[in-house]
Amino acid sequence: MGTRGDAQFVVVANRLPVDRTTEDDGTQGWQASPGGLVTALIPVMKEQGGTWVGWGGSADEDIEPFTFDGFGVQPVPLSSQEVAEYYEGMSNTTFWPLYHDCVAHPEYHREWWDSYLRVNERFANAAAEVAAPGATVWVQDYQLQNVPELLREMRPDLRIGFFLHIPFPPPELFRQLPWRTQVIQGLLGADLVGFQDPGSAHNFASLSRLITSGRPRRGEIHLPDGRTVIARDYPISIDAQEMLDMSRTPQVREAAAQLRRDLGDPDHIFLGVDRLDYTKGLRHRVRAFGELFTSGQLDPERNVYLQVATPTRENVEQYKELRSQLDEMVGRINSSVGRIGRSAIEYRHSSYPKTALAAMYRAADVAVITPLRDGMNLVAKEYIAAHDSDDGSLVLSEFAGAAIELKQAYLVNPYDLNGLKNQLLRASGDDHANHARRMRAMRKHVFRHDIDEWAANFLRDLGVPTQQG
Ligand code: ADQ
């Protein structure tokens, strides 16, 4: 049993919620990382006297625990070999593609799995050390699926929750995994296992039969040791009000107007914002726009497709390949549809501050979010929240978790190129009344179900009262 700490509430995530900063005089400090999860959980951490356990983001770096903005930060070190095996390997070349319907081929390597387990044990140890007797621990995401079980062995007094941010695959696919039983057992160490959608919760509950003989009912899984684990969906969301407030500032309004001018004042701006990831459907999307521009169904003089592709996981082979394929596809399309002085596809491979994204959302007439598979997709919700009038429209893949909630989007099957092209034309061609009706309904939903509600619902079910709950 680990030494007991004094944190009543512990979050365990692959990354810490803070990034390093360097002042002009060279002194180093920390600032909160941007992102919904961090924004939602920091108030709970402060309220409950919490500690966040995570990796600082650089290999071979030992950072002492510290306090930040009223909560504890407990860094977990990773060696460069562990970054290669646990993070880039097992997490991002095995679990990531396997859990996204195998849209890329998952690789299975025993040394990656060994490293994954070792690192999970280190995270569990760190959590066991800081948690007060009877504390609540909330473990996040696919990098840490074995932490619940390992932690329960060390600290049976804790209340443990787990949330998976990506889909949980159907049993037919999951069964490929050589370590399938250990992973299910790892997750069943939690009292509550949360998913983005009911399908994922159902897949997990069915797979619990690898371990239990009983049939799970309404998400309740009864284990041989007498414990009951709950599996259910908690669709994640965004800080909708913050996005709206930001998009209304004069600075963002002006940036949106400037962007429109820079793009040649087109009739329609189509916008995609994605990490440069093969799950996001970028190849299919670029191909659809290529055909629309080449055939003249979309006039490149009057329409622009702006695609932001955020650099990500650049050491992983499948991501390097995707990057060069997209560069090549976009180059070919732009040179063949030759819009004088401007590109039909404006392709930007870069990160942006939130205000710049808000300006793009505000300027875009059609957001195009067409992943092949996605746990939720927060960009879809951010786009909706950034529009305070009823203009704009959303083309959304039916394989994004967000499609369950944003039913008024122009839904598409991203594999169906003709269907995708038709919906792009429909979304830009529909009349204002139609757009307004759809946007109003979706805005209502996103504002009613925001990130605070998400965290409060999960924590309430885990037995932690919050101010929202
Ligand atoms: P992601 O796969 O990263 O998240 P998503 O939900 O779209 O996907 O979140 C991306 C976030 O990054 C958004 O908040 C967006 O604003 C931001 N972002 C994107 N491009 C950016 C850029 N160029 N510059 C700055 N910021 C950028 C995983 C799952 C999702 C799930 C989330 C949350 O894959 O399905 O919705 O976790 O659970």
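1. Helix H13 makes the biggest contribution to the shell around the ligand, giving 3 residues. Helices here are DSSP runs of H or I with at least four residues, strands are runs of E with at least two, and both are numbered from the N terminus. A word on the basis: this is a predicted model, in which local features need pLDDT of at least 70 and side-chain atom pairs count only at pLDDT 80 or more, while totals for chains, interfaces and linings use all residues. Residue numbers start from 1 along each chain as its sequence is written.

2. Which residues come nearest to the ligand? Of the 17 around it, they are His165, Thr310, Gly375, Met376 and Leu378; a residue is near if its C-beta atom, placed from the backbone, lies within 6 Å. Two or more residues each come from strand S12 (268-275), strand S13 (303-310) and helix H13 (378-386).

3. By class, the shell holds 9 nonpolar, 5 polar and 3 charged residues. Here Ala, Val, Leu, Ile, Met, Phe, Trp, Tyr, Cys and Pro count as nonpolar, Asp, Glu, Lys and Arg as charged, and the others, Gly among them, as polar.

4. Why does the ligand shell lie between the domains? Domain 1 (7-236 + 452-462) and domain 2 (240-448) both supply residues to the shell, so it sits between them. The domain bounds come from an automatic or database domain assignment.

5. The C-alpha centres of domain 1 and domain 2 are 30 Å apart. Their contact takes 16 residues from domain 1 and 15 residues from domain 2, where contact means C-beta atoms, placed from the backbone, within 7 Å. On the domain 1 side, helix H2 (residues 80-99) provides the largest share, 3 residues. That side divides into 7 nonpolar, 6 polar and 3 charged residues.

6. Now to the sheet. Its 9 strands form an open sheet with mixed pairing, in the order S5-S6-S4-S1-S7-S8-S9-S11-S10; two strands pair if DSSP finds at least two bridges between them. Strand S5 (66-68) and strand S10 (220-222) each have a single partner strand, so one side of each has no neighbour in the sheet. On average, neighbouring strands are turned by 25° against each other, direction ignored.

7. Strands S4 (residues 50-55) and S6 (residues 71-75) run parallel and are joined by 4 bridges; Gly54 has Pro75 as its bridge partner in S6. Helix H4 (residues 147-154) packs on the sheet, touching S1 (7-15), S7 (131-140) and S8 (159-163). The direction of H4 makes about 170° with that of S8, using axes fitted to C-alpha atoms, for helices over the stretch in contact, with angles from 0 to 180 degrees between N-to-C directions.

Methods
Contact = placed C-beta atoms within 7 Å.
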